[in-house]
Amino acid sequence: MAGIYIHIPFCKQACHYCDFHFSTSLKYKREVLKAMHKELQLRAEELKGEIVETIYFGGGTPSLLSISEIESFLACISKNFKVSKHPEITLEANPDDLNEEKIKALSLTRVNRLSIGIQSFFEEDLKMMNRAHSAQESEKCLAIATKYFDLITIDLIYGVPGLTNERWKQNLQKAFDYKIAHISSYALTVEEKTALASFIKNKTYPSLDENLALEHFNTLVSETEKNGFEQYEISNFAKKGAYSKHNTAYWQGVAYLGVGPSAHSFIKNRRAWNIANNAKYLRALQQNTLALEIEDLSLTDRYNEYIMTGLRTVFGVSLENVKNRFGEKYFEYLQEGVAVFLREETVVVEEGILKTTQKGKFLADGIAAELFYV
Ligand code: SF4
């Protein structure tokens, strides 16, 4: 089993908080897409013997692709890889790219899961984030998309200065009203070299308030639970049967090939990441070479990664698995390190599985970092 991730490195405009790789110039879009096709062909060997169960168009903004560009990627994948009969195929889309004609056309392709970057249903939040869409477009596209797609996930951002808990609740309520089956929700964070970082530095934007983010997170957890969602990963909430297969496979260490500038891959304990520069990526592929760096993961790297994903997900960390996969040394190290968190009741062991408790969920990354083998 394997997944393929396609990174579309273009956006209409830069959101203030975003540090993903993208270019707002579409000048070389055609050439970059062609190079990505070539990368798929050149790297097909890496997934030899694997069945591709999930395909994910992320970015950047994949909804900037035309229907024929999406179909031609899917045809290229089918030609070069063994693809299962009914793969999960997700496409990330922004509301401003989704009119009824486009949504209908998308629903007639093999794309069967639409991931819509709503972020907020309020104009003031969208303006603060410099999103390209309006609150009205957020609602309009959802009203249409739910007619054509059964599987829709939306992204929502919390911890935005000025977003009261009451308005945050209203954001969530909108998602429930549209009967969305999956929500991914992240706190606004300040990443280096983003517009948000410089605005905060020169005081044209208020600093982020961790207590506000925590209040929103608690509201998110309780409201989604009340509305029948399961929090299967710290930031991901799904109705029954609506887990993201692609991301779940990723968290469970399944192989995936990432194609396009800045895309990451993980195959046979080896991690690779493509250069995050469209021009350099393009030049390399035009010369039939790959512009990527490779790292072989050590046993410690794999152990640390298992702890991190285990504590962030509903799957937890299996103590038996730690003993069998990593050995006695790591098992004892974990036993020792975890004692303090068991006492604080931020983690719990149930039937041999170590998990974060409700109290520990917001702290999962910090707890995992403390348990890393160094
Ligand atoms: S649309 Fe998405 S990828 Fe593009 S700048 Fe905004 S958040 Fe980043």
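## A buried glutamate

A residue counts as buried when its relative accessible area is under 20%. In this predicted model, glutamate 223 has a relative accessible area of 11%, so it is buried. Glutamate 223 sits in helix 8, which covers residues 210-226.

What does the side chain of glutamate 223 make a polar contact with? Its partner is the side chain of lysine 226, at 2.8 Å. Further along the sequence, leaving aside neighbours within four places, glutamate 223 is in contact with Lys169, Leu172 and Phe176.

## Around the ligand

Ten names make up the ligand's surroundings: Cys11, Gln13, Cys15, Tyr17, Cys18, Phe22, Gly60, Thr61, Asn94 and Arg131. By class, this shell holds 5 nonpolar, 4 polar and 1 charged residues.

Cys15 belongs to this shell. Cysteine 15 is buried, because its relative accessible area of 15% falls under the 20% cut-off.

## Cysteines

How many disulfides does the model have? The count is 0. A disulfide is a covalent bond between the sulfur atoms of two cysteines. To be counted here, a pair of cysteine sulfur atoms must lie within 2.5 Å.

Cysteine 76 is buried, with a relative accessible area of 8%.

Most residues other than glycine have a negative phi, and most peptide bonds are trans.

Glycine 60 lies in the loop that runs between strand 2 (51-59) and helix 2 (67-80). Gly60 is also one of the residues surrounding the ligand.

Is asparagine 130 buried, exposed or partly exposed? With a relative accessible area of 25%, asparagine 130 is partly exposed.

Where is lysine 179 found? The loop between helix 6 (165-177) and strand 6 (182-187) holds lysine 179. Its relative accessible area is 69%. Exposed means over 50%, so lysine 179 is exposed.

Note on methods. Residues numbered from 1 in each chain as written. Predicted model: local features only at pLDDT ≥ 70, side-chain atom pairs only at ≥ 80, totals over all residues. Heavy atoms only, no water. Buried < 20%, exposed > 50% of the residue type's maximum accessible area, 1.4 Å probe, protein only. Helix = DSSP H or I, 4+ residues; strand = E, 2+ residues; numbered from the N terminus. Polar contact = N/O pair within 3.5 Å; in protein donor to acceptor, adjacent residues only side chain to side chain. Contact = heavy atoms within 4.5 Å. Near = heavy atom within 4 Å. Nonpolar A, V, L, I, M, F, W, Y, C, P; charged D, E, K, R; others polar.
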